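Here is a short tour to follow in your viewer. Have the selection tool ready, and we will go stop by stop.

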Amino acid sequence: MTAQTHPDVRTVTAIVADAAAAPSLHNAQPWAFRYLPDVGVLRLYADLERALPRTDPDNRGLHVGCGAALFNLRVAAAAAGLAPVVRLLPDRECPELLAEVRLSGTGSPDAALARLGPAIRRRHSSRFPFREETLPTTVRETLREAALAEGAELLFPGVWHVQSILELVRDAEGREALAPDVREETARWAHTGSADAGAADGIGAEAFGPRQGRLSVPVRDFAVGRPLPGRGWALFEREPNIALLGTAHDGPEDWLSAGQALERVLLQATSDGLVASVTSQPLEWPEIRWAVRDPLSAMAHVQMVIRLGHGPEGPASPRRPVAELLDVL
């Protein structure tokens, strides 16, 4: 009997590099990986030192971001000819262990996942104005199917509900303005000064985008009231294409599934020539999160607000080197 061959460290390093290209709240990149080469298992951990206790006290956003990284891992593994087998939250005594991925699973690689591989490095959040265009029904259906494939729901709310979401964004911004601890946490990750040049995480000033001449799209202002020389104003689309990503339940496993669904939607959108921005701002306040959901839909828990369209690609966010993320035993 021939011994099973497990992926070498070079292959796993490349997979982790793609996994770490995922979006995360404030680009905190709250993940760590450990590879067990003797058994071909790659583990995903939450890096709780990169949690946002003021903005994300329940670590919901942390789990969503780590779920997005897990989906990228699956895509990169499939593109490398592997058929990974995933277990979410495999050890209840170790809640920071979010997933265990057996890279040497039997069977053929998932061709649909592998096709999304080129989109991983092209996907960037764009906080710039998009063209005033409605997404075709066929594109919306493709994105809905992407979310459904990961056990989540993608809903495109009507005009009245989009306006309601914008009002909730205003409400969230007002609450943040009155919460200095939340503002300070955001400012720590949103870089505006030369002292932050070369940072390997957080949001760079070039990615803030212009200020909105009128609040017509749900895009977070990472300047948090701080002056930013040279930053101008712009009119954004009057009728943005907004989607709500949601799940039936609202626990850690659901958040991880939502993150995988989010990244599958974003990679599919990128493959379809779209750009996107995401925000959880009105979801970070329990008092108003419930109001984001569409009362006419069956969606129980909204996990992310997504804006989609055609427009300029955002700049690539900084990334931590893989050597800081991956531990090989």
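Start by selecting residues 9-19, helix α1, and residues 60-79, helix α2: the two pack at an angle of about 140 degrees, with their axes 7 Å apart. Axes here are lines fitted to C-alpha atoms, for helices over the stretch in contact, and angles run from 0 to 180 degrees between N-to-C directions. Helices (H or I, at least four residues) and strands (E, at least two) are DSSP runs, numbered from the N terminus. This is a predicted model, where local features need pLDDT of at least 70 and side-chain atom pairs count only at pLDDT 80 or more, while totals for chains, interfaces and linings use all residues. Residues are numbered from 1 along each chain as its sequence is written, and side-chain values use heavy atoms, with hydrogens and water left out.

Next, show side chains at the contact (heavy atoms within 4.5 Å). From α1 you want Ile15, Asp18 and Ala19; from α2, pick Ala69, Asn72, Leu73, Ala76 and Ala77.

Now move to the sheet. Which order do its strands take? Four strands form an open sheet, β5-β8-β10-β9, with antiparallel pairing; strands pair if DSSP finds at least two bridges between them. Select 153-155 (β5) and 275-279 (β9) to see the edge strands, each of which pairs on one side only. Neighbouring strands in this sheet are turned by 30 degrees against each other on average, direction ignored.

Zoom in on threonine 279, and you will find valine 305 of β10 opposite.
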